[in-house]
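This briefing is for a reader who is new to the structure. The sequence and the model come first, and the notes come after them.

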Amino acid sequence: MDACKLWDDGLQRYDMGCDAQPLALYGPQGVGKSTLMNQFAHIAHTRRWIVAHITGHSMNTLWDSLVSTLTSNGHWPHNYDVVNETLDLELLKELSAQGAGFALLIDDADELPLKDLEAVCAALHEATQDGLRVTSALSGLPTLPAKLAEAQSYAERLFYFLPIALNSPSHRE
């Protein structure tokens with residue numbers, strides 16, 4: 001399946017009042033997962049979504065990277081009261097209200113600490129239950145599905161898992 005089409009179709013579902021499963025791309029190093037994530041960011045930007053695109057291996061914590069990214073691009077919600085410095089439903093409500101929706105893209109998500117993966121899964125699950133226009137795409141090595149399952153038992157139902165291989169159909173534009 002074409003990963004970019006799958007991502008764009010998911011954003012389109014939000015335009016129609018439905019939700020869509022967040023994506024989890026996994027595969028060996030060097031097959032183009034980060035390139036796909038950059039394309040996802042571009043697609044979301046063209047649809048006027050707020051995008052936080054961060055990298056798991058270069059961050060101190062998910063929270064610090066999220067605050068830094070959203071502050072630098074002018075999308076940190078001014079009225080948001082920080083309670084516990086974690087991704088939570090209230091922050092997602094504030095972000096999704098600012099634009100067409102909020103997309104959290106995390107490259108190298110398999111390198112995140114388990115507590116951060118737990119927070120991402122829980123926040124995405126709650127956002128879906130609340131009907132928020134919030135989605136995500138994670139990318140990582142082939143260990144990503146197992147790490148997500150360790151973080152939350154329902155991760156296999158929460159995410160649409162898409163294996164990426166060199167020269168795979170996922171790279172078609």
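This is a predicted model: local features need pLDDT of at least 70, side-chain atom pairs count only at pLDDT 80 or more; totals for chains, interfaces and linings use all residues.

Residues are numbered from 1 along each chain as its sequence is written, and side-chain values use heavy atoms, with hydrogens and water left out.

**Overall build**

- The chain has seven helices and five strands, where helices (H or I, at least four residues) and strands (E, at least two) are DSSP runs numbered from the N terminus.
- Read from the N terminus, the order of elements is α-β-α-β-α-α-β-α-β-α-α-β.
- The radius of gyration is 15 Å, close to the 16 Å that the globule rule gives for 173 residues, so the chain is as compact as a globular protein of that length. The radius is taken over C-alpha atoms, and the rule is 2.2 Å times the number of residues to the power 0.38.
- Along the principal axes, the C-alpha atoms fill a box of roughly 45 × 35 × 30 Å.
- Of the contacts between residues at least 6 apart in sequence, 75% join residues at least 24 apart; contact means heavy atoms within 4.5 Å.

**Surface and charge**

- Buried residues account for 49% of the 173 residues. Buried means under 20% relative accessible area, exposed over 50%, and partly exposed in between (1.4 Å probe, protein chains only).
- The chain exposes about 8,300 Å², with carbon and sulfur atoms supplying 48% of it. Accessible areas come from the Shrake-Rupley method with a 1.4 Å probe, and for residues only the protein chains shown count as cover.
- There are 11 positive and 22 negative side chains, and the centres of the two sets lie 8 Å apart. Lys and Arg count as positive and Asp and Glu as negative, without His and the chain ends; each charge is placed at NZ of Lys, CZ of Arg, CG of Asp or CD of Glu.

**Nonpolar cores**

- The largest nonpolar core has 36 residues, and those with the most contacts inside it are Phe-102, Leu-104, Ile-106, Leu-148 and Phe-159. Such a core is a set of buried Ala, Val, Leu, Ile, Met, Phe, Trp, Tyr and Cys residues joined through side-chain atoms within 4.5 Å.
- Elements that give two or more residues to this core include β2 (50-55), β3 (102-107) and α5 (114-129). The largest share, six residues, comes from α5.
- A second, separate core of 23 residues includes Cys-4, Leu-23, Met-37 and Ala-103.

**Buried residues**

- Ala-137 lies in strand β4 and is buried, at a relative accessible area of 0%.
- Beyond four places in sequence, the contacts of Ala-137 include Trp-7, Phe-40 and Leu-104. Its C-alpha atom is 6.5 Å from that of Ile-106, 31 residues apart along the chain.
- Leu-89, in helix α4, is buried with a relative accessible area of 15%. Beyond four places in sequence, Leu-89 touches Glu-126, Ala-127, Asp-130 and Leu-132.

**Loop residues with positive phi**

- Most residues other than glycine have a negative phi.
- Arg-48 has a positive phi, near 70°. This residue sits in the loop between α2 (33-46) and β2 and counts as exposed at 69% relative accessibility.
- Asp-108 has a positive phi, near 55°, and is found in the loop between β3 and α5.
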